[in-house]
Amino acid sequence: MTDPIADMLTRIRNANMRVKESVDIPRSNTKCEIARVLKAEGFIKDYKEVEAGAQGAIRIYLKYGHQKEKVIRQLKRESKPGRRSYKKAEDLTSVLGGVGIAIVSTSKGIMSDKECRKANTGGEIICTVW
């Protein structure tokens, strides 16, 4: 697998389309931090680490509205292994007028674009969610 983060986003996107309750993803520290940001911003219900195989897995519990409306409308990988995308703190604009978020990898850890602007820190744009 050349891009494990894109694989994670694709698994979440596919489970969301099928209105699944949860999805299991192979565990890594970066994926755990992305799941933490998604939970903090209200895009998923919860996540937890489960024992599965040698490296373990992350079980992400997806969130839906009252009539199964999807909370995650779109999940898009921005920075790819062949084309990295970096932005300074002052260049980070809000996603969809503040409805969505950008998940950014910074020197202070993985955080949302709102946290980056507050901390005045730029970094690599991992993905956008709305």
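Student: How do the residues lining the largest pocket divide into nonpolar, polar and charged?
Tutor: The lining holds 4 nonpolar, 4 polar and 2 charged residues, where Asp, Glu, Lys and Arg count as charged, Ala, Val, Leu, Ile, Met, Phe, Trp, Tyr, Cys and Pro as nonpolar, and the others, Gly among them, as polar. This is a predicted model, in which local features need pLDDT of at least 70 and side-chain atom pairs count only at pLDDT 80 or more, while totals for chains, interfaces and linings use all residues. Residues are numbered from 1 along each chain as its sequence is written, and side-chain values use heavy atoms, with hydrogens and water left out.

Student: Which residues line the largest pocket?
Tutor: Its lining consists of Glu78, Ser85, Lys87, Leu92, Thr93, Ser94, Val95, Ala102, Ile125 and Thr128. A pocket here is an open set of points on a 1 Å grid where a 1.4 Å probe fits, with protein on both sides within 12 Å along at least five of seven lines, and lining residues have an atom within 4 Å of a point.

Student: And what volume does the largest pocket have?
Tutor: About 160 Å³, taken as the space filled by probe spheres set on the grid points, which are joined across faces, edges and corners.

Student: Which strand does S6 pair with over 5 bridges?
Tutor: That is S8, residues 123-129, in the antiparallel sense, and Ser105 has Glu124 as its bridge partner there. Pairing requires at least two DSSP bridges between the strands. S6 is also joined to S7, residues 109-112, by 4 antiparallel bridges, and these two strands form a hairpin with 2 residues between them.

Student: What's the strand order in the open sheet of 3 strands?
Tutor: The order is S1-S3-S2, with antiparallel pairing, and the edge strands are S1 (22-26) and S2 (44-50).

Student: Which residue stands opposite Asp24 in S3?
Tutor: Arg59 does, and S1 and S3 (residues 57-62) pair over 5 bridges.

Student: Which strands does H2 touch?
Tutor: Helix H2, residues 29-40, packs on the sheet and touches S1, S2 and S3, where contact means heavy atoms within 4.5 Å.

How values were computed
Axes are lines fitted to C-alpha atoms, for helices over the stretch in contact, and angles run from 0 to 180 degrees between N-to-C directions.
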